[in-house]
Every structure is written in structure tokens, then in C-alpha cells.
Amino acid sequence: MEKFLETDFWTALIKSSQEWLINELPGLLIILIVFFASFKIIRFLLKRLKKTLTKRADRSDKKDSIESEKRINTLTSISHGIIKIILWVMLIMIVLQKFGFGEDNDTLN
């Protein structure tokens with residue numbers, strides 16, 4: 001408790017916080033921008049794929065167009081969900097690594 005009252009503790013904390021903001025924050029912001037841009041790109045590509053598959057299904061089989069549209073909707077929504085999960089897991093792992101988790105520490109040996 002006494003170390004929290006010392007000025008050396010607070011100056012070191014401020015200095016390390018400034019260094020972290022300068023060194024790590026820009027990388028995190030770029031990662032977040034790329035992450036959300038990839039979400040938009042994935043959504044756009046899946047909409048285009050859905051539209052293309054629906055047109056092909058309408059041309060090939062006029063009888064089951066409703067059923068094929070349901071199948072296409074199901075497959076694209078499953079694909080979108082899987083891709084979202086993969087992107088979220090990647091983002092969480094990268095952010096945790098930026099915060100220092102997951103680094104090899106030999107303190108346990």
C-alpha cells in the first residue's frame with residue numbers, strides 16, 4: 001500500500017502508459033479498422049454470392065425455386081456465422097497478444 005503513495009510509482013506508471021500508447025495503440029487501431037473492413041467485405045461478397053446462386057437456381061429449376069432459395073439462405077447464413085466466429089477469435093487473440101498475454105514466460109520453470 002505504501003508504494004502507491006510514492007511519487008516514483010506514479011511517474012513510472014505514467015511513463016510506461018505513455019510508451020504503451022505510443023507503441024501499441026496505433027497497431028490496435030489499425031487491427032480494428034482492418035477487422036471491421038473485413039466484416040463489410042465479407043458481407044458484400046456473401047450478398048453477391050447469394051444473388052448469383054439465386055439466379056442460377058431460378059434458371060436451372062423453376063419448380064423448386066422457393067426451396068432452393070431457402071437452402072441458399074441457410075448456407076450463406078451459416079457461412080457468414082462461421083466466418084464471423086473465425087474473425088472474432090482472431091481479433092481476440094491478436095488483442096490479447098498486444099496486451100502481453102500468451103507470451104512465453106520462463107517464470108514457471
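1. The accessible surface of the chain comes to about 9500 Å², and 65% of that area belongs to carbon and sulfur atoms. Accessible areas here come from the Shrake-Rupley method with a 1.4 Å probe, and for residues only the protein chains shown count as cover. Please keep in mind that this is a predicted model, in which local features need pLDDT of at least 70 and side-chain atom pairs count only at pLDDT 80 or more, while totals for chains, interfaces and linings use all residues. Residues are numbered from 1 along each chain as its sequence is written, and side-chain values use heavy atoms, with hydrogens and water left out.

2. Now for the overall layout. The chain has 3 helices and 0 strands, and reading along the sequence gives the pattern α-α-α. Helices (H or I, at least four residues) and strands (E, at least two) are DSSP runs, numbered from the N terminus. Of the 109 residues of the chain, 13% count as buried. Buried means under 20% relative accessible area, exposed means over 50%, and partly exposed lies in between (1.4 Å probe, protein chains only).

3. A contact means heavy atoms within 4.5 Å. Glu69 sits in helix 3 and is partly exposed, with a relative accessible area of 40%.

4. Which residues make up the largest nonpolar core? The members are Phe35, Phe39, Ile42, Leu46, Leu87 and Leu91, 6 residues in all. Helix 2 and helix 3 (65–98) each supply at least two residues of this core, and helix 2 gives the most, with 4 residues. A nonpolar core is a set of buried Ala, Val, Leu, Ile, Met, Phe, Trp, Tyr and Cys residues joined through side-chain atoms within 4.5 Å. As background, nonpolar side chains in soluble globular proteins tend to be buried together.

5. Leaving aside neighbours within four places in sequence, Phe35 is in contact with Leu87, Trp88 and Leu91.

6. Next come the aromatic rings, where the structure holds 6 aromatic pairs. One of them joins Phe35 and Phe36: the pair is edge-to-face, at 5.1 Å centre to centre and 70 degrees between the planes. Why is the pair of Phe35 and Phe39 edge-to-face? The ring centres lie 4.8 Å apart and the planes stand at 75 degrees, so that label applies. Rings of Phe, Tyr and Trp (its six-membered ring) pair if their centres lie within 6.5 Å; planes under 30 degrees apart count as stacked, over 60 as edge-to-face and the rest as tilted.

7. Phe35 and Phe39 are separated by about one helical turn, because they are 4 residues apart in helix 2 (residues 25–60). Phe39 counts as buried at 11% relative accessibility, whereas Phe36 is partly exposed, with a relative accessible area of 45%. Ring pairs link Phe35, Phe36, Phe39 and Trp88 into a cluster.

8. Phe36 also takes part in a surface feature. Together with Leu21, Leu25, Leu29 and Leu32, Phe36 makes a nonpolar surface patch of about 410 Å². The largest share of this patch, 4 residues, comes from helix 2. Leu29 lies in helix 2 and counts as partly exposed at 45% relative accessibility. Patches are made of residues with over 30% relative accessible area and no salt bridge: like charges are joined within 9 Å, and nonpolar side chains (Val, Leu, Ile, Met, Phe, Trp, Tyr) within 5 Å.

9. Finally, the salt bridges, of which there are 2. A salt bridge is a side-chain nitrogen of Lys or Arg within 4 Å of a carboxyl oxygen of Asp or Glu. Lys98 and Glu24 form one (3.7 Å, N to O). Lys98 lies in helix 3 and Glu24 in the loop between helix 1 (7–23) and helix 2, so this pair ties together parts that are 74 residues apart in sequence. Lys70 and Glu67 form a salt bridge as well (3.9 Å, N to O), and being 3 residues apart in helix 3, they are separated by about one helical turn.
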